[in-house]
Amino acid sequence: MIAWGTTARRAVGSMTAFFLLLAAAPAVAAESAAELISTFRLQHGEIRVVRDATLDRIALEQARAMASKDDLSHEVLGPFARRIAPARAGRAAENIAYGHDSFEKTLGQWIDSSGHRRNLLLHDASRVGVASARDASGKRTYWAMVIAGDYEPKPGKRDKEPLVAVKREADSSSRPKSTGCHIKLLSLCI
């Protein structure tokens, strides 16, 4: 009985420590965010996304920069095309937001916005990174999500890309010179 009592106390102590650690953890783990995004994508005929360490890092840098400058901007760290280059994705998109403490509420906000929704449903996206950071006052949470796909070049796919996807820059010598913008979206000339 003494051994069982000691074991039971240790188990309760371990469970208490586990729940304290869980309470101190961020609002949502990256795996949970990927699952929530995947659930939404699967409901709309797209494939599941998985967490990607490179995209998590890119999202975290973006969230921290926005929080430190208290500025909701895709350009706070420079052009998205340059920031996403280390991921080596054929195409990618970024969603940003501030205000909600939970990822679930932020995801709901993105789903309700047509441009953000298009990014969440980026065709053939297979990887995602999600991060949040608080501003200096601790009162505002900034969120960044980077979603990417087409890791293997596919001939003829460029013509079918959604307008909100950011194309990877081609070698300037092989790229035809553009005479102007046909469509301007989020500071991108398409």
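This is a predicted model: local features need pLDDT of at least 70, side-chain atom pairs count only at pLDDT 80 or more; totals for chains, interfaces and linings use all residues.

Reader: Understood. How many bridges join E3 to strand E4, and in which sense do they run, parallel or antiparallel?

Author: Nine bridges join E3 to E4 (residues 141–149), and the two strands run antiparallel. One of the facing pairs is Ala133 with its bridge partner Tyr142 in E4.

Reader: What lies between E3 and E4?

Author: Six residues separate them in a hairpin, and Gly138 in the turn has a positive phi of about 75 degrees.

Reader: Which residue of E3 stands opposite Val50?

Author: Arg127 does. Strand E1 (residues 50–51) pairs with E3 (residues 125–134) in the parallel sense, over two bridges.

Reader: Now the helix. Where does Asp56 lie, and is Asp56 buried or exposed?

Author: Asp56 belongs to helix H3 (residues 53–69). Asp56 has a relative accessible area of 11%, so it counts as buried, the cut-off being under 20%.

Reader: What does the side chain of Asp56 contact?

Author: The side chain of Arg51, through a polar contact of 2.5 Å.

Reader: Which other residues of H3 are buried?

Author: Among them are Leu55, Ile58, Ala59, Gln62 and Met66. In general, an α-helix has 3.6 residues a turn, so residues three or four places apart point the same way.

Reader: And what is found at the two ends of H3?

Author: At the start, a side-chain oxygen of Asp52 comes within 3.1 Å of the backbone nitrogen of Thr54. Just after H3, Asp70 adopts a positive phi of about 50 degrees.

How values were computed:
Residues are numbered from 1 along each chain as its sequence is written. Side-chain values use heavy atoms; hydrogens and water are left out. Two strands pair if DSSP finds at least two bridges between them. Helices (H or I, at least four residues) and strands (E, at least two) are DSSP runs, numbered from the N terminus. Buried means under 20% relative accessible area, exposed over 50%, partly exposed in between (1.4 Å probe, protein chains only). A polar contact is a pair of N or O atoms within 3.5 Å; within protein, one must be able to donate a hydrogen and the other to accept it, and residues adjacent in sequence count only if both atoms are side-chain atoms.
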